[in-house]
Amino acid sequence: MPTGYVAGLQVDPIEKKPFFHALPGARALSFGMLGCDFHCAYCQNWETSQALRDSAALAPPNPTTSDELIRVAERYKVEVLTSTYNEPLITSEWAVEIFKKGREKGFVTSYVSNGNATPEVLEYIRPHVDLYKVDLKGFDDKHYRSLGGVLANVCDSIRNIYKMGFWLEVVTLLIPGFNDSEVEIKRLTEFLASVSPLIPWHATAFHPDYRMGDRGATQPDSLFRAAEIATAEGLKFIYLGNRPGQVGEWENTRCPECRATVIERRGFLVTKNTLTHGNCPSCNTVIPGFWNKDQFRR
């Protein structure tokens, strides 16, 4: 069982994970280990995630203990612990060890994951994980298999994560010529809406990285088109990322009923939050989210 080290450790705003409906403005202690069951050619954390299969990935393991990580979290006055940088599902025993101690101290816990989960691992982590972000990497099984996964498995995981009561947000990195066709975006957002139209969906801009340097970065117009498609498919909370200040209202949280802006952001910075106990201050509509740390605790 992998344990007793980290390969990455950093304090981030929770919006960088990204979670936009969980403790706005909170800070998270992000930690990661080595390895991933996928091998995405565009991975932005390849130095850790691909360390077991790519000799150029040289991120070293740094020995530590779960108690020391909790002390670091307390020292930096974070509110959230996040297992990320590699695939947390394959190091769940270590994350659970940390999260058990963290929750005793009042920390919120989270996974940033590819969602390639079995029902058994979700049952194992459910008592210890509050927030779960899934990278839904497109909606074409052939492309998914080229990354090392199976689309149906990730779709099943999204259904199960939502049904089991984790706070769920979904991210899709839109890559020119890979997963950004209108047909694929329509199918992807139609699927998410079928699970729940209230699941926040983040469509984020790609930039060339790792082994995928053969195409340019995603432009704002492509993100706007994805938002229009997602809106037509019924999703209520749509966000456009990695283009701070270039996507207008799509960085903000708006009430699905009266369209009032309840949280304003620029990139990862929350500039205004007018939520009232999780409700829209204009029309009192409930805005779904993890707005206080005891909300989904079992």
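**Close-up views of a predicted model**

View 1. Glu169 lies in strand S8. Helices (H or I, at least four residues) and strands (E, at least two) are DSSP runs, numbered from the N terminus. This is a predicted model: local features need pLDDT of at least 70, side-chain atom pairs count only at pLDDT 80 or more, and totals for chains, interfaces and linings use all residues. Residues are numbered from 1 along each chain as its sequence is written, and side-chain values use heavy atoms, with hydrogens and water left out. Glu169 is buried (under 20% relative accessible area, 1.4 Å probe, protein chains only). Glu169 has no salt bridge (a side-chain nitrogen of Lys or Arg within 4 Å of a carboxyl oxygen of Asp or Glu). Arg265 is the nearest side chain of opposite charge, 7.3 Å away; Lys and Arg count as positive, Asp and Glu as negative, and His and the chain ends are not counted. The side chains of Glu169 and His202 make a polar contact of 2.7 Å (a pair of N or O atoms within 3.5 Å; within protein, one must be able to donate a hydrogen and the other to accept it, and residues adjacent in sequence count only if both atoms are side-chain atoms). Leaving aside residues up to four places away in sequence, Glu169 touches residues including Phe19, His21, Tyr132 and Lys133 (heavy atoms within 4.5 Å).

**View 2. The eight-stranded sheet.** This open sheet has mixed pairing and the order S2-S3-S5-S6-S7-S8-S9-S10. Two strands pair if DSSP finds at least two bridges between them. Strand S2 (8-13) and strand S10 (238-241) stand at the edges with a single partner strand each, so one side of each has no neighbour in the sheet. Neighbouring strands are turned by 20 degrees against each other on average, direction ignored.

View 3. S9 (residues 201-205) pairs with S10 in the parallel sense over four bridges. Ala203 has Leu240 in S10 as its bridge partner. Helix H6 (residues 151-163) packs on the sheet and touches S7 (131-135) and S8 (167-174). H6 makes about 160 degrees with S7 (axes are lines fitted to C-alpha atoms, for helices over the stretch in contact; angles run from 0 to 180 degrees between N-to-C directions). Helix H2 (residues 66-75) lies across S2, S3 (27-32) and S5 (80-83), at about 155 degrees to S3.

**View 4. The three-stranded sheet.** The order is S11-S12-S13, open and antiparallel. Thr253 stands opposite Ile263 in S12. Four bridges join S12 to S13. Gly267, in their hairpin, takes a positive phi near 60 degrees.

Notes:
Buried < 20%, exposed > 50% of the residue type's maximum accessible area, 1.4 Å probe, protein only.
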